[in-house]
Amino acid sequence: MSFERFFNPKSVAIVGASRQKGKVGYEILTNMITAGYKGKIFPVNPKSDTVEGLKCYPDLKSIGEIPDLVIIVVPAKVVPAIMQQCAKAGAKSVIIITAGFKEVGKEGKELEEQIIQIARVAGIRIIGPNCLGLIAPANNLNASFGGDLPAAGSIGYLSQSGALMAAILDMAKGQGIGFSKLVSIGNKADIDELDIIKALADDPDTKVIAGYLESITDGSSFVREAEQISHDKPILLMKSGGTEAGAKAASSHTGSLAGSETAYESAFARAGIIRCDSIKQQFDYAEAIALQPLPKGPNVAVVTNAGGVGIMAVDAIERQGLAIAKLTDETIKKLSAKLPPAANLHNPIDILGDALADRYEFALDAVLDDPNVNTVLVLLTPQAMTESAAIAETVVKVAKQKPTRRDGASRSPAKPVIACFLGAGKIEKGKQILQEGRIPQIDSPESAVETIKVLSDYVRWRSRPKRVVKLFPVNRRKVENIIERHLRQDILEIGETESKEILEAYGFVTPKGAIATTAEQAANIAEQLGYPVVLKIWSPDILHKSDVGGVKVGLASEQEVKDAFDLMMYRVPKKQPEANILGVLVQEMCSTGKEVILGMNRDPHFGPLMMFGMGGIMVEVLKDVSFYLAPLTSEEAKQMLINTRTYQMLKGVRGQEGVDIDAIAEGLQRVSQLVTEFPQIKEMDINPYMVGPKGTTPVAVDARIGLEK
Ligand code: ADP
Ligand code: MG
């Protein structure tokens, strides 16, 4: 849909405009006027003839023309009637500021449904209700009661909280941060976060999209579309509030380990969305993106007038996994020609406490020219002779000269310059000059480095290879039959035998074995399998067999098998008397390998969430697991392994042979394919998935599959 009528309306009607100070209808009207809105304003209020010097209309129809945008500020109960007026008058774009809808309970919800109904029939699009409104500084449009019109800039902002938007406006004003558009989305009765993100993506004035969200209406389309958009425009989001449904008690390992925020984290990672934990972080990142070019790589050069602060920055660079740029000999030569002998010519470049603007100038110039440098961080502490204003001017000048050098040669690519002037009073003027000169000023070396890290991660994400999800040849029909049979009988937990059949249909190898109901039978099966064997209690009621003494491994003889059988059949019923015990599974013993877990938990918003981690019976204790949304590419599967501490062990440590990493990644991709093809699978895990050295085939030793209708 087009947002032209919202972002750049030629006329605006304010239904509920008021001459009474302090009323929302007054604030919006005066905000519209004060912002210098160039279009026509039509106040609508049957109780007045004029407001603020403007002719006031009794209703929408009597205006005599269709306003591009209608802002509604009348009490909730009256809103449906006004919506009917909008429909009759032919208005198509409406902002409902009024609160008292879904957010207050049943009655409000019914009112909200009424207005949606009217809008659908009439083809009206709504922002809100229960919102602060919309601001488009470049169009002098302040259709909000949030505060004064902020400066025009290139950050497009959307907020699910009106109060937070008001705070952001206030903070931004103090820091001179500019916006392209600000939209408060309120209850999202019609237009939701994704609609606004798409509108900002299409908006030529918006260079970076930022926002605050509490919920996402449609998880899968959000991920799909945001991934496309972030490719061109970075998206920075703050997100609060967990997904209760996703965090509900789960019986699988994966379900119990997936926190309420895990799915959001994975979804944001997939979509390239930069998650921010605070408003300050969001502003730091957004400003850096809005004002500067993106870095082409991870190499940072630090120019400082204080050694200690330089070291702090360098420590942060290392901690964040960025690189301290190694300067070329040519750069070192240039620096040594002009800097005093005591200066440090290597990164961090310490131009000493008595540095004036000239030293900053040639140091910055030299590092910006250095091909090994991707980003420049300028640090300043206000020492006795420091002229922060003059230095700020120099930083602005040198950074602006890029990408063209004074000698005419092109300095490409353009490089971001980030400033961190430490202090308060003494650097106030300097900060202001930086701000006006479009140099992001970040108030600590750590935050500055963190910002650089976020930028370079984003650039890396953007250049990642195209996602290709491999499809393995599988026996889909077989799985379909098993699942349908279970669901028909209302059985939501697939038993061990059939779980194995499902896994085999998707290319997994499972251990051979059979059920015994007597010790004699158990010994016979063991004989056929070959020693050693494993005995496991066989009961649909026992989820974790080891917990009740229901697993015995390494049984090497007939006698051991018989003894283990008797002991198990004697002990387990004592531990879990209500369990229906059907016998004992005699299983071939897998030769030693490492135990990992492959799992999935279906998130109600984002779909199947894959898990990988250290397996075995300690998985819940160690919690060394990683998550990602299915379907997985082989790179993503591999990355899931790398994201755990277990990975180091799997690769092999201290002379110990590693295991077949690719085979594990393939296992994850196969589970990913299974759960993508069968949305009826609600959760599952293979634990342990036993993996051996490279070239061996892993075995799915134990598995659980849970269904939902
Ligand atoms: P549960 O998870 O219900 O306790 P498992 O079948 O996963 O039962 O067995 C528990 C542990 O016993 C496994 O993590 C593994 O260490 C070991 N184990 C089970 N079956 C085998 C097998 N066939 N070969 C080797 N080790 C096994
Ligand atoms: Mg297990």
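This report describes the nonpolar cores and the ligand site of a predicted model.

## Nonpolar cores

The largest nonpolar core has 58 residues. Those that touch the most other members are F6, I14, M32, I127, I196 and F222.

Leaving aside neighbours within four places in sequence, F6 is in contact with M1, L69, S93, V94, I95, R125, I127, L134, L141 and I191. Of these contacts, I127 is also listed among the core residues that touch the most other members. Another core lies apart from the largest one and has 48 residues, including L169, F179, Y285 and I289.

## Backbone contacts and cover

Polar backbone atoms approach ligand 1 at several places. For K545, such an atom is 2.7 Å from an oxygen atom of the ligand. A polar backbone atom of E588 is 3.0 Å from a nitrogen atom of ligand 1, and a backbone N or O atom of C590 lies 2.9 Å from a nitrogen atom of the ligand.

On its own, ligand 1 has 540 Å² of accessible area, and the protein covers 90% of that area.

Technical notes:
Residues are numbered from 1 along each chain as its sequence is written. Chains are lettered from A and ligands numbered from 1 in the order in which they are written. This is a predicted model: local features need pLDDT of at least 70, side-chain atom pairs count only at pLDDT 80 or more; totals for chains, interfaces and linings use all residues. Side-chain values use heavy atoms; hydrogens and water are left out. A nonpolar core is a set of buried Ala, Val, Leu, Ile, Met, Phe, Trp, Tyr and Cys residues joined through side-chain atoms within 4.5 Å. Buried means under 20% relative accessible area, exposed over 50%, partly exposed in between (1.4 Å probe, protein chains only). Contact means heavy atoms within 4.5 Å. A polar contact is a pair of N or O atoms within 3.5 Å; within protein, one must be able to donate a hydrogen and the other to accept it, and residues adjacent in sequence count only if both atoms are side-chain atoms. Accessible areas come from the Shrake-Rupley method with a 1.4 Å probe; for residues, only the protein chains shown count as cover.
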